[in-house]
Amino acid sequence: MNETKRGFIQLHLSVLLAGFTGLFGKLITLNEVDIVWYRMLFTSLFLVLFTGIPRIGWRRFLQLSGCGALLGFHWILFYGSIKASNVSIGVICFSLIGFFTALFEPLILQKKFSWLELLFSLITVCGVLCIFSFDARYRYGILIGVASSAVCALYAICNKRYSKGVGSRKVLMSQMSGGLVVVSAIIPVYLFFFPSHQPVVVLPSGSNLVYMLCHALICTVGMYLLQIEALKRLSAFTVNLTYNLEPCYTIVLAFLIFGEGRELNFSFYLGVTLIIVSVLLQSMKALRKS
């Protein structure tokens with residue numbers, strides 16, 4: 001099978017699993033920092049249990065730990081956006097990741113700036129505006145969500161740079177374990193700027209424990225192993241832009257499961273169509289280039 005096609009298959013499977021992430025963020029009633037801390041802890045334990053402790057050089061481990069810290073910070077902001085608004089708002093703001101990647105990737109990886117990629121990103125931004133229209137009730141959640149997408153764009157770019165030549169399981173284990181340490185240090189700073197109305201450092205139990213374990217195994221281990229493999233065959237921009245499909249899956253599921261009061265009107269369908277079109281255009285461009 002063509003390596004690019006294999007990368008797209010792995011990518012879309014990971015996006016499908018990612019579609020459930022926002023739902024778990026709503027189902028789990030813990031504070032956002034608790035969700036992230038336990039997600040990284042359980043993921044690390046699963047990886048040690050299934051694959052053992054990988055051998056990797058300290059320099060590469062520190063680089064991947066930095067990527068893990070970016071990922072953890074993105075998760076904190078992402079769940080914080082959902083807690084401050086709802087699932088739909090959190091995942092719609094995530095769609096801006098393609099826009100931030102088009103801006104950051106040429107600077108970090110010293111690539112030529114692509115006006116075409118920026119155009120695809122702006123199509124997504126238009127789709128986000130059509131779906132959301134920036135309702136003033138969710139302004140706080142929007143700001144956190146936009147910051148979340150910017151941090152996630154940085155994570156994907158750095159992940160592509162530092163994961164080259166390293167096995168997927170080693171990459172994920174290094175990011176989860178090293179990132180867990182850094183996130184533990186970030187949490188007090190985050191809570192200082194964004195005080196929480198929920199108790200912090202709560203031991204998960206009952207349904208929260210079950211949801212956290214499923215979240216770690218399916219939406220973290222499974223999803224990120226597929227994503228890391230896809231990044232080896234596709235550009236960070238293509239991967240991030242394709243992840244714009246995640247909100248489409250999550251929003252529909254949120255309507256069905258949580259009954260969020262957003263009507264599926266013409267503006268919604270137009271916005272989703274624009275997001276899908278931007279993903280298809282970039283996918284066609286990547287396949288034609290291959």
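## A charge over a ring

In this predicted model, Arg39 is positioned over the face of Trp75, and the distance to the ring centre is 3.7 Å. The arrangement therefore pairs a charged group with an aromatic ring, since a charge sits over a ring if CZ of Arg is within 6 Å of the ring centre and within 35 degrees of the ring normal.

## Aromatic pairs

Across the whole structure, a search identifies 11 aromatic pairs. One of them joins Trp37 and Tyr38, whose ring centres are 5.2 Å apart and whose planes stand at 85° to each other. This pair is classed as edge-to-face because the angle of 85° falls in the range over 60 degrees. The two partners may also be described by their accessibility. Trp37 has a relative accessibility of 27% and is therefore partly exposed, whereas Tyr38, at 9%, is buried.

A further edge-to-face pair is formed by Trp58 and Phe61, with 5.7 Å from centre to centre and 85° between the planes. Both residues belong to helix α4, which covers residues 58–84. Because Trp58 and Phe61 are three residues apart in this helix, about one helical turn separates them. Trp58 has a relative accessible area of 66% and is therefore exposed.

## The crossing of two helices

Helix α4 also meets helix α9, which comprises residues 168–193. The axes of α4 and α9 come within 6 Å and cross at roughly 55°. With this angle, the two helices are therefore oblique to each other. An angle under 35 degrees would have counted as roughly parallel, and one of 65 to 115 degrees as roughly perpendicular. The crossing of α4 and α9 is right-handed.

Which kinds of residue make up the contact of α4 with α9? The contact consists of 16 nonpolar and nine polar residues, and no charged ones.

Ile157 is part of helix α8, which spans residues 139–162. Is Ile157 buried or exposed? Its relative accessibility is 0%, so Ile157 counts as buried, the limit for this class being under 20%.

The position of Ile157 may also be described relative to Phe46. Along the sequence, Ile157 and Phe46 are 111 residues apart. In space, the C-alpha atoms of Ile157 and Phe46 are 25 Å apart.

Definitions and conventions: Residues are numbered from 1 along each chain as its sequence is written. This is a predicted model: local features need pLDDT of at least 70, side-chain atom pairs count only at pLDDT 80 or more; totals for chains, interfaces and linings use all residues. Side-chain values use heavy atoms; hydrogens and water are left out. Rings of Phe, Tyr and Trp (its six-membered ring) pair if their centres lie within 6.5 Å; planes under 30 degrees apart count as stacked, over 60 as edge-to-face and the rest as tilted. Buried means under 20% relative accessible area, exposed over 50%, partly exposed in between (1.4 Å probe, protein chains only). Helices (H or I, at least four residues) and strands (E, at least two) are DSSP runs, numbered from the N terminus. Axes are lines fitted to C-alpha atoms, for helices over the stretch in contact, and angles run from 0 to 180 degrees between N-to-C directions. Angles under 35 degrees count as roughly parallel, over 145 as roughly antiparallel, 65 to 115 as roughly perpendicular and the rest as oblique. A crossing is left-handed if the near helix is turned anticlockwise from the far one by less than a right angle, and right-handed if clockwise. Ala, Val, Leu, Ile, Met, Phe, Trp, Tyr, Cys and Pro count as nonpolar, Asp, Glu, Lys and Arg as charged, and the others, Gly among them, as polar.
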